[in-house]
Amino acid sequence: MTDLPTSPFPAFLVGLPVLLATLSLFFRARGKAVVGLAGSLLTGVMALFALFEVTRRGTVIHILGGWEPPLGILLRMDPLAAVFIGMTAVVGIFISLYAWRYFRAQEATTGGFPLFWPLWLFLWAGLNGLFLSNDLFNLFVTLEVIGISAVALAVLSGKKTALVAGLRYLLVAITGSMAYLFGVALIYGSTGTLDLGLLGQVLEPGTTTTFALLVITLGLMIKMAGFPFHFWLPPAHSSALAPVSALLSALVVKGAFYILLRLWMEVFGVSLTYAAGQLIGLAGAIAVIWGSWQAFMQTSLKLIVAHSSVAQLGYLLMIFPLLILAPGVTADSADWLSPAWTAGVYQVIAHAFAKASFFLSAGIIIMALGHDRIESLRDLVGHMRITALAIAIAGVSLIGLPPSGGFMAKWMLLKGIFLSGQWWWAPVVLTGSLLTAGYVFMLLRLAFAPAREKEAFRPVPRSLEVCALVLALGSFLIVLPADNLIQFLQSGEVFGTGIESIMEGGAHGND
Amino acid sequence: METYQIYNLTSAVLFVIGIGGVFAARHFIRKIIATIIMGGGVFLSFVSFAERDALTFADPVPHALVITGIVVAVASAAFALALARRIYQLTGEESFTNDK
């Protein structure tokens, strides 16, 4: 591990936002916003440079303060981490620009929520730290940093519904991290190490490992709102302020998914069973159908978008069964693996862009109308052409129509499904798309319908609409570098030593 | 039964009590206390692993981890209490109503 090239970027990616967040606390309201916006842009640019560095030099590491693990902390930036950091940077920059304009437009009535900025920078530091972490305990700490700043952001409006939803979110988040930490304790107890790479080699299949895998997976599923633990997400995401909803839906829930993906591929190769994979896939499948159906039944825009997040996160869970072959089946090559897990990464990116754009559009509509009941979306096209376009484009990506990023993700997911021979997941993907089309077209029909009565659309800053539109377009533009991106991801050798046990059909864990 | 096994079993029991409490209780404070009990269980299991394998000295890593974990848990609990207090001040409610 330590023979990899070192680079200062990983340290900056975590340190810089923390420093700037702390710095901004010393300023008054307007100063906080200025430091916050400057800090977000700086962090974003830094992250893109770091992504570039990894494409050039491959995986880089940084040992904090020169203290070697296990007591010191090693940050590792491999292609998978770099892609997630890059995604956070691009989405984060546009949400920051939107937030700057959005809060300034409301400064007179609300005070402009200056605390958004330090909290968002802390959240960003937590996310970068999570993507860069290389040991189980560090992942726990970053999860908690993310959890606490995310809840603080969610309750920023100080309204009663937001506070109650936020408290529930916090309790769920604590429960999830404690379950995760319990699994970590068991793994440390049985192996004496927390390093991800080392664990992949030394972890023995057995009752303890299986139980640890179980509590860790449960804890992370609670955190990423996987079915049946999705109940906290719609109230928390829909009652937050618009830029916050976008951050929570686009980025925060992806942190837990990232850990789950890393652990299942890199660490738990030996103890994964076919049944465990099928079970988590089933939870994902139910989330896809249930979430889309619930979204279809809602009458307020933000709740539609929040329920749609539950469904879209379900697709992420559905890639896990594809990583494990049925008992007795041995694969000749690892061809089927790559579409399966890169589909997950693509779905993360496509959903981040589309959902951020969707929530930002919802914020614009609330700003214009004062509420977000969907009947009043009538004649949206006439009043706010750009927002209507953003909703349409983001919606098309959520449905998965070509040539959107959502289409790429679902296409590769289907490819992985058929290559791994688990055809029974395919109808779920298609039904999910159909239901998604249902609620997206319901919104679009209203947007084009003539207004029944004159509803007062207040004017909204044009720059807000542009931010939402750019993010929506982003969910299409990510298709262009698809080939390079997938090659880049595969160059990371994320499976490590786990790949052999995966190719043997999970035979280790099945007994 | 060895000493660390006793601690370990206790930690599992505490964890289960805590997780049951989080899902069963409706009152804010009860839920928060349940998460603290869960945390206690997890930290106890960490500490108990420091003593295994008949090492001549205790393994320092779990202690370092538990100290960090406790700090995090205290912060989360304090934040949850602050939220609960704010909700009580605003509405007079002290438990989740249409709870899951």
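## A salt bridge between the chains

In this predicted model, A:Lys160 forms a salt bridge with B:Glu93, and the closest N and O atoms of the two residues are 3.2 Å apart. Across the interface of chain A and chain B, the rule finds 1 salt bridge, and it also finds 2 residue pairs in polar contact, both at pLDDT 80 or more.

On the side of chain A that touches chain B, helices α6 (136-154) and α7 (160-191) of chain A each supply at least two residues. The largest share of that side comes from α7(A), which contributes 19 residues. Sorted by class, the side of chain A that touches chain B has 25 nonpolar, 5 polar and 3 charged residues.

## The extent of the interface

The contact between the chains takes 33 residues from chain A and 42 residues from chain B. About 3300 Å² of area is buried between chain A and chain B, and carbon and sulfur atoms give 84% of that area.

## Helix α3 of chain A

Helix α3 of chain A covers residues 79-105, and its 27 residues, at 1.5 Å a residue, should span 39 Å; the C-alpha atoms at its ends are 39 Å apart, which agrees with that expectation. Of the 27 residues of α3(A), 20 are buried, so this helix is largely enclosed by the rest of the structure.

## A buried phenylalanine in a loop

A:Phe268 lies in the loop of chain A between α11 (242-267) and α12 (274-297). Because its relative accessibility is 0%, where buried means under 20%, A:Phe268 counts as buried.

When neighbours within four places in sequence are left aside, A:Phe268 is in contact with A:Ile187, A:Leu203, A:Thr209, A:Leu213, A:Ile216 and A:Leu263.

A:Leu413 belongs to helix α17 of chain A, which runs through residues 405-419. With a relative accessible area of 4%, A:Leu413 is buried.

Not counting residues up to four places away in sequence, A:Leu413 touches A:Tyr315, A:Ile319, A:Leu322, A:Ala343 and A:Val429. A:Gly277 and A:Leu413 are 136 residues apart along the chain, and their C-alpha atoms are separated by 15 Å.

Notes:
Residues numbered from 1 in each chain as written. Chains lettered and ligands numbered in written order. Predicted model: local features only at pLDDT ≥ 70, side-chain atom pairs only at ≥ 80, totals over all residues. Heavy atoms only, no water. Helix = DSSP H or I, 4+ residues; strand = E, 2+ residues; numbered from the N terminus. Expected span 1.5 Å × (residues − 1). Buried < 20%, exposed > 50% of the residue type's maximum accessible area, 1.4 Å probe, protein only. Contact = heavy atoms within 4.5 Å. Buried area = accessible area lost by both parts, 1.4 Å probe. Salt bridge = Lys/Arg side-chain N within 4 Å of Asp/Glu carboxyl O. Polar contact = N/O pair within 3.5 Å; in protein donor to acceptor, adjacent residues only side chain to side chain. Nonpolar A, V, L, I, M, F, W, Y, C, P; charged D, E, K, R; others polar.
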